[in-house]
Amino acid sequence: MKVLIVEDEKLLASSIALVLQQNGFETETAYDGEMGLEYAELDIYDLIILDVMMPKMDGFEVARTLRRKHLGTPILMLTARSGVEDRVAGLDAGADYYLPKPFDTRELIACANALVRRQGGEVNQLSLGNTTLDLATAMLCCGAKRVQLSATEFEILRFLFKSGSSNLSKERILEKVWGYDSTAVGNNVEVYIGFLRKKLSRIGSDVSIVAVRRLGYHLEVRHD
């Protein structure tokens, strides 16, 4: 399960990430509202943990914007403002649960697990056309044929599946799969896209990875 943490207090964000990772979650972090919104709009997360008071855009506005765009990712809102009016404002903005600071990490994990279960987070595969990506085994399947993906191949293809028809630039793929501090370059993305195309072809998939000049990649189902 993948969690986006949107929290401007870097020490707290790191602490939340560590606790979640120790409980089996993958995490990514954004440190202001605008960055958090940009990440959340990718629609690749199973849960968003969202602070209220942040620079550039507060958590209420981030939540409202996501709901206006019909993005249903569960939102767990964190804030030191624990009054009834603030809790109501958070829920009205689109949050699914409102956890006041300071909080017990056991409650945080319990809330995270409950929200993921409620939204069908137990689903362990993604499908497009005649092809399925098994999230538990990193296996790419088409009918009776299947092929194992490497960790990097899996992360790239998972990102593409979750992004639908939206183009993903090489820069975005590098950030999400290799990380900000990596020395990987655009050519690395091209190489792994090549690997994935060969594996899709090997199992008879009708899914293509389409390259759009200057915009990036997306998946399409061929109708031969």
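Helices (H or I, at least four residues) and strands (E, at least two) are DSSP runs, numbered from the N terminus. This is a predicted model, where local features need pLDDT of at least 70 and side-chain atom pairs count only at pLDDT 80 or more, while totals for chains, interfaces and linings use all residues. Residues are numbered from 1 along each chain as its sequence is written, and side-chain values use heavy atoms, leaving out hydrogens and water.

**Stop 1: threonine 132**

Select threonine 132. This residue sits in strand β7. Is threonine 132 buried or exposed? Buried means under 20% relative accessible area, exposed over 50%, and partly exposed in between (1.4 Å probe, protein chains only). Threonine 132 counts as buried because its relative accessibility is 19%.

Now show its surroundings. Contact means heavy atoms within 4.5 Å. Leaving aside residues up to four places away in sequence, threonine 132 touches Gln125, Leu126, Ser127, Met139, Leu140 and Cys141. The side chains of threonine 132 and serine 127 are joined by a polar contact of 3.2 Å. A polar contact is a pair of N or O atoms within 3.5 Å; within protein, one must be able to donate a hydrogen and the other to accept it, and residues adjacent in sequence count only if both atoms are side-chain atoms.

**Stop 2: the sheet with β7**

Two strands pair if DSSP finds at least two bridges between them. Here four strands form an open sheet in the order β6-β7-β8-β9, with antiparallel pairing. β6 (125–128) and β9 (145–148) are the edges; each has a single partner strand, so one side of each has no neighbour in the sheet. Neighbouring strands are turned by 20 degrees against each other on average, direction ignored.

Pick β8 (residues 139–142). β8 and β9 pair in the antiparallel sense over four bridges. Which residue stands opposite cysteine 142 in β9? Select lysine 145.

**Stop 3: helices on this sheet**

Axes are lines fitted to C-alpha atoms, for helices over the stretch in contact, and angles run from 0 to 180 degrees between N-to-C directions. α6 lies across β6, β7 (131–134), β8 and β9, at about 125 degrees to β7.

Look at the two helices together. The axes of α6 and α8 come within 10 Å and cross at roughly 80 degrees. That makes α6 roughly perpendicular to α8. Angles under 35 degrees count as roughly parallel, over 145 as roughly antiparallel, 65 to 115 as roughly perpendicular and the rest as oblique. Residues making this contact include Ile156 and Leu160 of α6 and Tyr192 and Phe195 of α8.

Next, select helix α7 (residues 170–178). α7 and α8 pack at about 85 degrees, with their axes 9 Å apart. This pair is also roughly perpendicular. Among the residues in contact are Ile173 and Trp178 of α7, and Val189 and Tyr192 of α8.

**Stop 4: cysteines**

How many disulfides does a search of the whole structure find? It finds zero. A disulfide is a pair of cysteine sulfur atoms within 2.5 Å. Select cysteine 141. Its sulfur is 9.0 Å from the closest cysteine sulfur, in cysteine 142, too far for a bond. Cysteine 141 counts as buried, at 11% relative accessibility. Cysteine 111 is buried as well, at 10%.

**Stop 5: the parallel sheet**

Move to the five-strand open sheet. Its order is β2-β1-β3-β4-β5, with parallel pairing. The edge strands, β2 (26–30) and β5 (97–100), each pair on one side only.

Zoom in on β2. Four of its five residues are buried. β1 and β2 pair in the parallel sense over five bridges. Valine 6 stands opposite alanine 30 in β2.

Four bridges join β3 to β4 (residues 75–79), and the two run parallel. Leucine 50 has methionine 77 as its bridge partner in β4.

**Stop 6: helix α3**

Finish at α3 (residues 59–68). Its buried residues are Gly59, Phe60, Val62, Ala63, Thr65 and Leu66. At the start of α3, a side-chain oxygen of aspartate 58 reaches to within 3.0 Å of the backbone nitrogen of phenylalanine 60. After α3 comes histidine 70, with a positive phi near 65 degrees.
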